Structures are given as structure tokens and as C-alpha cells.
Amino acid sequence: MNTSHLWAVIILSGIATFIIRFFFIQIKQAPLSGKVKELFSFIPPAVLSALVFGSVFENGLSSLTPRNPYLWASILAGITAVTSKNVLLTISTGMIFIWGWNYLY
Amino acid sequence: MATTNDYLKGTKSVLPILTGLFPFGLIYGVSAVTSGIPKVQAIAMSFVVFAGAAQISIVNSFSSGISIITAVAIAGLINLRMAMYGASIADSIRSDRLLTRIFSSFLLTDQVYAVSITEKGKNMNTNIFKFYIGAALPIWLTWQAATIIGVFAGKTLPSWLSLEFAVPLTFLALLGPFLVKSHFAVSALTAGIVMVLTRNVPYNAGFFIAVLSGITAGFLIKNRKGDR
């Protein structure tokens, strides 16, 4: 993706995001059924997790090795995320692990 | 008291949230420029998209070199939750004027939804529209300021800091609170495993297969248990 492609992504994502935000505020009644709402509620955890695994396992299954620092860092950060529910503490834990790893290796 | 200024009430309610939002904006700005996104575009994205996790996903898409359509689809999927927020808060913030509706829609975020829906639940006298705007504007200002500072600080930071790793860590941090509920944990784990297994499927189709598997698995588990 070059920078002119990126302009397209920024503008199209902006339009898509605005439509998502505007849709139910514009439409008179909120027609979302319980089941649809329930399906929607699974989107954030599924999307976020797919993005995390995609980055940590850059080369698919062959990234499943103890030599992959991102694997350890994300396990540590994942435990921090669940126990603390603190965004900055989670990011700090993972980053400090990676800095330590970069220093040692 | 009904006489208190509801705009100010909204602003006050959001102040503690700003202390967490500011560093998040910094991380976005820094990771955008360290991934090679020009400063103008990094800043423009905050004005045009104005949604943290989606913006960070675009940074991720930019550095992994996927297609325009896939990048937009990922950002859209991440933001789809805002449709739920809109549906849930629409009655309280709806205005007769189209421009006002456009304005308040544009400012809809996780944070402003959370504080407004909480206020609506506990205080019948509050004008939720005023409260919402009072909360949304400081969020907008903080996000833009943090982005600009992050963008200009970004390039000065050394590469051994591996700041690009802050991107998946941000997603992980946002994922954390979901994992305490077992059906969300099943959904996340399924999506993650399928993502790894489909890493070599072309056109990033693996991402969408992974997300759909995750949603399906979570939904089935929840409805099989029939509780919560």
C-alpha cells in the first residue's frame, strides 16, 4: 500500500465509520433485534483477537517457537490485560518485555 | 439539581477517561509515523476517521501491505459496534435538525457512549443531548492533540524501542475485559487460532474466515448454555 492508496483508505474508512455512527441516530426507530445485537457483541473480541494473533504469528504456525519474543510478550500482556483491565499497564508490560529481550539478544 | 449545566456535567464525567485516552492517542501517532505513514496523513486520519482501534488497524494494514478494500473492511468491522451504540442512545440525543444529528453522530465513541448511557440510567433530570456533547467535545480535542504530539515525537524515537509492537498490544489490551466472559473468550480464541491456521490464504481472506469463525463459535456456546 503506497501513500495515495492510504488516502483512499482514510477517506473510505471515514465514510464507512460515519455511516455506521449515523445510521441508527438518523433512522426513527431502533430496529435491532435481540439476536442481531447478540451477534454484533461478538464482533469486537473476534476482530481484536484475530488482529493480535495475526501480528504475533506473523508466519503462521512456524511462528510458534520459544524464539519468538512477541509470543512471550503477548502472553504476559494478555495476563495483565485480563487481571488489570488497564490499557496502559498492558501495553507497558508487553513493551518492557520486548525492550528487555532486545537488550539481551 | 435540574439547574446544573448539563454540558459541564458531561465534561466533568469524562475527565478521568481523558487521562487514559491521551496516551492512547500518543501511541497511535507514534506508531503511525514509525510505520512510515506521512505526518499529514496520520493527522488527517484522526480528523476523518476519529476512532482509535480502527485507526491503529489501518496503521497495521499499511505496514502489512494489504489491499485498500481489505483495510477498509477491517476498519469498518472494528467500528460496527458503534451502530449498536447509536441504536441504544438515539432516542436521547436525537435532534430535529439534520446538521445536529450529523454532528452528534460524528462524535460517537466508546467513551462518550459509556458515560452518557450511565448518566441516562441514574439521572432522569439530565438533558442527555447536552451531556453527550459536553462529554464528546473534550474527547475529540484530546484525541487530536495527542495524535499531533505523537506524530511529531514519533520519528525522534530509536528503533530498538520496537514501537510497532504497541499496535497488537493495544488490541490485546482492548480485548482483555472481554476475556472474563467465557463465551467471549471462546469467540476470541477461535478467531485467533483460525487466524494462525489461515495465515497463508491469499487476499487476507483468512482474517474474515477467522472473525466469522470466532463470532459463530461464541454465539453457539452462549446459546447452548442458555445463560447470561
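User: Is B:Ser104 buried or exposed?
Analyst: B:Ser104 is buried, with a relative accessible area of 0%; buried means under 20%, exposed over 50% and partly exposed in between, using a 1.4 Å probe and protein chains only. Please note that this is a predicted model, where local features need pLDDT of at least 70, side-chain atom pairs count only at pLDDT 80 or more, and totals for chains, interfaces and linings use all residues. Residues are numbered from 1 along each chain as its sequence is written, chains are lettered from A and ligands numbered from 1 in written order, and side-chain values use heavy atoms, without hydrogens and water.
User: Where does B:Ser104 lie?
Analyst: B:Ser104 belongs to helix H6 (residues 98-106) of chain B; helices are DSSP runs (H or I) of at least four residues, numbered from the N terminus.
User: What is B:Ser104 in contact with?
Analyst: Leaving aside neighbours within four places in sequence, B:Ser104 is in contact with B:Ile93, B:Phe129, B:Tyr132 and B:Ile133. Contact means heavy atoms within 4.5 Å.
User: Changing topic, how many residues has the largest nonpolar core?
Analyst: The largest nonpolar core has 94 residues, and B:Phe207 is one of those with the most contacts inside it. Such a core is a set of buried Ala, Val, Leu, Ile, Met, Phe, Trp, Tyr and Cys residues joined through side-chain atoms within 4.5 Å.
User: Which helix gives the most to this core?
Analyst: Helix H8 (residues 128-154) of chain B does, with 10 residues.
User: And which residues does B:Phe207 contact?
Analyst: Beyond its neighbours within four places in sequence, B:Phe207 is in contact with residues including A:Val47, A:Leu51 and B:Met195.

Key: Helix = DSSP H or I, 4+ residues; strand = E, 2+ residues; numbered from the N terminus.
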